[in-house]
Number of protein chains: 2
Amino acid sequence: MKKKTHEVIPFMNHHSYNIFFMNLANPLKIGIILCLRDGNKNVSEIMNALKVEQSKISHALTSLKHCKIVNVEQNGKERIYSLNKDTIIPMLNLIDKHASCHCKNKCCLKSWK
Amino acid sequence: MKKKTHEVIPFMNHHSYNIFFMNLANPLKIGIILCLRDGNKNVSEIMNALKVEQSKISHALTSLKHCKIVNVEQNGKERIYSLNKDTIIPMLNLIDKHASCHCKNKCCLKSWK
DNA sequence: TTTTCATATGAAACTAAATTCATATAGATT
DNA sequence: AATCTATATGAATTTAGTTTCATATGAAAA
């Protein structure tokens, strides 16, 4: 069965899920989220906490912001980022629970390649 | 501030979240999940439902299976896949809620590039 | 009013995940 | 046992997200 190279995928209506998860499928963004879970921070504080370069943080924050996973508030020249905990925290909890249910001995959530 | 090309990212302990979300940040996998939400299916049934080539489905199912997002049961030469609803369904619900809270007029969960 | 500090932005380069496609396996059917 | 049917697998390729890095913006301080 041959397929066209640019196949049209028929779940455009489910695009939201994809965009949302895309924002979480990245170790840096997860790092930022967990970092902000402990309290609001400006970009420099996130940089110091994660030891990651500034533009990387900014790029990651931009997409997290677009998805309303984080909020910003400007204060002079610094911008305070805060986590929108309503969605993310329960989501992380679900994964913790999932892992504890299904990965009794060792973690099943590992790279398998 | 210069950084090494292969920077060590300091959240290896949070790798599970990343692996888990990676499995969801893909329209095909989301399609499969939503398809299985409506009932257990074998690979051919998923193919027909989504109009997607067989090996693509199989590859996607392999990684979903490794994360225990789906389960398999063999029945003769066919394999029946089922959704592990305990984690995924509440997670999708959280996103629906998130979208309805934050995307009143149009969906905020869109590509912004 | 120039400099400095905090952060954002653009685009090329890099990288890793997804796709493709040929092929393998293995149960069922003849 | 040969064939068919259902699904899995491997590896090269493609693609899209991330990183990098140079630069822009803009607020505060000197």
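Guide: Happy to! Let's start with A:K51, which is exposed, with a relative accessible area of 56%. Here exposed means over 50% relative accessible area, buried means under 20%, and partly exposed is in between, using a 1.4 Å probe and protein chains only.

Visitor: Before we go on, where does this model come from, and how are things numbered?

Guide: This is a predicted model, in which local features need pLDDT of at least 70 and side-chain atom pairs count only at pLDDT 80 or more, while totals for chains, interfaces and linings use all residues. Residues are numbered from 1 along each chain as its sequence is written, chains are lettered from A and ligands numbered from 1 in the order in which they are written, and side-chain values use heavy atoms, with hydrogens and water left out.

Visitor: Back to A:K51, then. Where does it lie?

Guide: A:K51 sits in the loop between α3 and α4 of chain A. Its phi is near 55°, which is positive in a residue other than glycine. Most residues other than glycine have a negative phi.

Visitor: What sort of phi does B:K68 have?

Guide: B:K68 has a positive phi of about 60°, and it is not a glycine either. You'll find B:K68 in the loop between α4 and β2 of chain B. With 28% relative accessibility, B:K68 counts as partly exposed.

Visitor: OK, new topic. How many helices and strands are there in chain A?

Guide: Chain A has 5 helices and 3 strands. These are DSSP runs numbered from the N terminus: helices are H or I with at least four residues, and strands are E with at least two. Starting at the N terminus, the order in chain A is α-α-β-α-α-β-β-α.

Visitor: And in what order do the strands of chain A sit in the sheet?

Guide: The order is β1-β3-β2, in an open sheet of 3 strands with antiparallel pairing. β1 (41-42) and β2 of chain A are at the edges with a single partner strand each, so one side of each has no neighbour in the sheet. Two strands pair if DSSP finds at least two bridges between them.

Visitor: How many bridges join β2(A) and β3(A)?

Guide: They pair in the antiparallel sense over 6 bridges. Two bridge pairs to look for are A:N75 with A:E78 and A:V70 with A:L83. β2(A) and β3(A) form a hairpin with 2 residues between them, and A:G76 in the turn has a positive phi of about 65°.

Visitor: What about the sheet in chain B?

Guide: Chain B has an open sheet of 3 strands in the order β1-β3-β2, with antiparallel pairing. The edge strands there are β1 (41-42) and β2 (70-75), each pairing on one side only. β1(B) pairs with β3 (residues 78-83) of chain B over 2 bridges, and B:N42 has B:I80 as its bridge partner.

Visitor: Let's look inside. Is α2(B) enclosed or open?

Guide: α2(B) is largely enclosed by the rest of the structure, because 9 of its 11 residues are buried. Among them are B:L28, B:I30 and B:L34. At the N-terminal end, B:N26 caps α2(B), with a side-chain oxygen 2.8 Å from the backbone nitrogen of B:L28. After the helix comes B:G39, whose phi is positive, near 140°.

Visitor: Which residues have the most contacts inside the largest nonpolar core?

Guide: They are A:F21 and B:F21, in a core of 64 residues. A nonpolar core is a set of buried Ala, Val, Leu, Ile, Met, Phe, Trp, Tyr and Cys residues joined through side-chain atoms within 4.5 Å. Leaving aside neighbours within four places in sequence, A:F21 is in contact (heavy atoms within 4.5 Å) with residues including A:M91, B:F21 and B:I95.

Visitor: Last one! Which residues come nearest to DNA strand C?

Guide: Of the 26 residues around DNA strand C, the nearest are A:S44, A:Q54, A:H59, A:Y81 and B:S55.

Key:
Near = heavy atom within 4 Å. Polar contact = N/O pair within 3.5 Å; in protein donor to acceptor, adjacent residues only side chain to side chain.
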